[in-house]
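Colleague: I have some questions about the terms you use for this model. Please set each value against its cut-off.

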Amino acid sequence: MSVLHLIKSRKSKQLMTCSAALSEWLKEDAPVFGYLLKVLLASLFAMWLSLKFELDQPRTAMLTVAIVMQSRSGMVFAKSYYRLLGTLVGITVSLVLVALFAQERVLFLLSMALWIGLCTAGSMVYRNHQSYGFVLAGYTLCIVGLPAAISPELTFNIAVTRISEILIGLICATMVSDLVFPQRLWDVIQAKVRQRFSDFSDLLRTTAQSSASTKSSKQVLLRFIGDIYSLESFRASAIMENDGAKHNRIRISEMNKEFMAVATTFHALEELLRRQRNNGHPEVGASLATMYLQLSEAISLNGNSARNEQEAALVTNQLATFSNSFTQNMTFYRMQLPQNLSERELLDFETGAELLQRLAHELHAYAATYASINRSENKLSSSETLATPKLEMHFDAIAVALAGVRGTLTLGIMTALWLLTDWRSGIEAITIGVITSTLFATSPSPNKTIKQFMIGAIIGTVSAYICNFHLLTQAQGFWMLALAVTPTIIFATWLTTKPSIAVVGSGIFIVFLMHIGFNSTYNANPVTFLNDAIADLLAVLVSGVMYGLIDISSSQWSRRRIATTLRGLVVKACKSPLIMKRVQLENAAFDLVQRAGSAQRIAEEQDRLVIDWLLSTLEIGHAVIALRELKPEINHPYFSDLLLTSLEAIAVLHETPTEALRIKALHAIDNAIENLTLDISNDIAMPEAAHALRRQALSMLHFIHSALLDEESVLVTQEKI
Amino acid sequence: MPREIALLDALVPTLLFGFLAASCGSLIIDWLLTRYHLYRYIWYPALFRLAAFACMFALSGLWIY
């Protein structure tokens, strides 16, 4: 009996581990496996179709599949759409150029270089798939325009074949990804939204509980910034899908904006508390920390973070209660402060309380939007639908121009080589050179990317050689052909599922499929193959050198430019005739840093400088905007004057950050604070509302003052570097 | 029906227009179904979309040939 029992229990234990392993496999590996299968299926299907239709180059269809395939259906749709658009535009331009300059090669190549430069610049301005569409419009010119220029009578055929092949590839890719194990983008979005909310609640709780200054919260904040943009890109692609995403599109966008506001206020509060701990009155710091702890309790349910929309609704209610009783609470804590506090220390407290209230308010809005996701009632009216909030574009014009110049120069070098040496594989080299020098312009560190691509290109060349001259020679019929190309496709796809080496995978794909030795018949030729392979590798090398020479992303110079532009935002916030919206400031600042890719390389000293400037900009910028928004409400000439001089001083400081100007700005703000305090205490007959407004302005001024005074601020450390 | 149509002096198969029309048709159906939340009643929306497209495309083919 007992033996039987033992066996049974052991068996159930084994079953337990088995099921645990199975569930882990289903969660981690099964999607990858399914994805491999999908890519293989789609590319073989594309190959079969193009062979069936006797198209010239089945490899273009397969390449299209390899490029647009992604694990989520919505992304595949979006990328397919832009690939189609880019190809159509590129082909139209090729036709126009061939019609205009087919006999005059210098003019032809010049206008081609111009077009490619423009397209690369366009790809820097736009994001994600749109950016890819621009790149494609550029390099299609090499693929279609160059062969067409050599034999103009075939232009139309070349163009039509290219379009048909790409269409076949797109149809196969979208069909397979939509029909076979479809992975909905909406699930990812939802998971991300939930994750972000609970992560942020966690962060808030830990910072509220631990009194020590946390260095890591900066990094978490940066991850959040990255999330904002990835969510935005998912949202843009999710339009192509047909479920929850469509109905919740506006809410997601709304939420992104609200989250940006929350993140900046959170950072400002963090900084304020840190300063308070370091050199403020301990009592003030303690009561602020208590209030902060209350907020962190309001955002959590029994010490945990909200994990889904229902829980978020509960949190929303808690936050509403917190906000409603906030003024009462604040008065209570204020009474408890010791009597002998100076005016400045009281101001410290008020500033902190003001920020806390703001944070609570914004958190409430954010949680409310989050809770409303998936609720079927359509509370957004059509007028709101029209004004869909969008992340705007902000970019560094010179960086964009340089990227364009880089693409153009690579083309120039390759064509010069081609024309001067009468190189047979010239077109191949130009094509690959242009593709590589434009495609990676938007990646956070192009130098690393191009190195990975080089490795991929080498592997791809080797496997194309094996495939062409050892496998294909023995292949009979479609299935043998499929068998010959399968290993490389699977291997390359597997590499692309690993984010850190994904580019190696795409390198293999591009080079392997460009060299694959068949169209409707076997036509590999070792001499041509070797020539082309050398041309490819040379072209990748040249564009690698170009990325090294025109290095926009990781040079000291470009970082300084970004820092200057960030400071320029504060200047603009101070001076622009129309009051800048808070969202505008956040948008512009985040976007600039995101594009520069500094957020991904926080470990490097130089990038940390950019991040410090970003945070300082947000901190001071939001206070400046709040002040300017208060100005018309207070509407007092004396106050306006004071404010104007302080803002002017801040703007001047941000134009050229020097110690002398910092002290000057501090003096100006000091003066304003003193006069305002006097004004408040003298004018007893002032109505309650006006009084409150003035105190608000005072606390904002005080916030800027203490931010400028901070010894750890980048405005101070700048001098020492 | 002629099997090929001269579009700007290039002979284009009429079926291509059938393809375009069927794509437009399926986009419209898709929009309608999403608009009125009708996808709830369909087990596998993607398959339904493909099938609807195939039906329309095949019909246009039958009509042409």
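Colleague: How many residue pairs are in polar contact between chain B and chain A?

Modeller: This is a predicted model. The count between chain B and chain A is one residue pair in polar contact, with both residues at pLDDT 80 or more.

Colleague: Which elements give two or more residues to the side of chain B that touches chain A?

Modeller: They are α1 (14-35) and α2 (45-64) of chain B. The largest share comes from α2(B), with four residues. By type, that side of chain B divides into seven nonpolar, two polar and two charged residues.

Colleague: What makes B:Arg49 and A:Asp178 a salt bridge?

Modeller: The cut-off is 4 Å between a side-chain nitrogen of Lys or Arg and a carboxyl oxygen of Asp or Glu. For B:Arg49 and A:Asp178 the N to O distance is 3.0 Å. That is within 4 Å, so the pair is called a salt bridge. Side chains of opposite charge can pair when their charged atoms come close.

Colleague: How do you know that the pair crosses between chains?

Modeller: Look at where each partner sits. A:Asp178 is in helix α6 (residues 155-179) of chain A, and B:Arg49 is in helix α2 of chain B. The count between chain B and chain A is one salt bridge. Over all chains, the search finds two.

Colleague: How many residues are in contact, and what area do chain B and chain A bury?

Modeller: On chain B, 11 residues are in contact with 12 residues of chain A. The two chains bury about 910 Å² between them. Carbon and sulfur atoms carry 61% of that area.

Colleague: What separates the C-alpha atoms of A:Arg358 and A:Gln584?

Modeller: They are separated by 18 Å. Along the chain, the two residues are 226 residues apart.

How values were computed:
Residues are numbered from 1 along each chain as its sequence is written. Chains are lettered from A and ligands numbered from 1 in the order in which they are written. This is a predicted model: local features need pLDDT of at least 70, side-chain atom pairs count only at pLDDT 80 or more; totals for chains, interfaces and linings use all residues. Side-chain values use heavy atoms; hydrogens and water are left out. Contact means heavy atoms within 4.5 Å. Buried area is the accessible area (1.4 Å probe) that two parts lose on being put together, summed over both. A polar contact is a pair of N or O atoms within 3.5 Å; within protein, one must be able to donate a hydrogen and the other to accept it, and residues adjacent in sequence count only if both atoms are side-chain atoms. Ala, Val, Leu, Ile, Met, Phe, Trp, Tyr, Cys and Pro count as nonpolar, Asp, Glu, Lys and Arg as charged, and the others, Gly among them, as polar.
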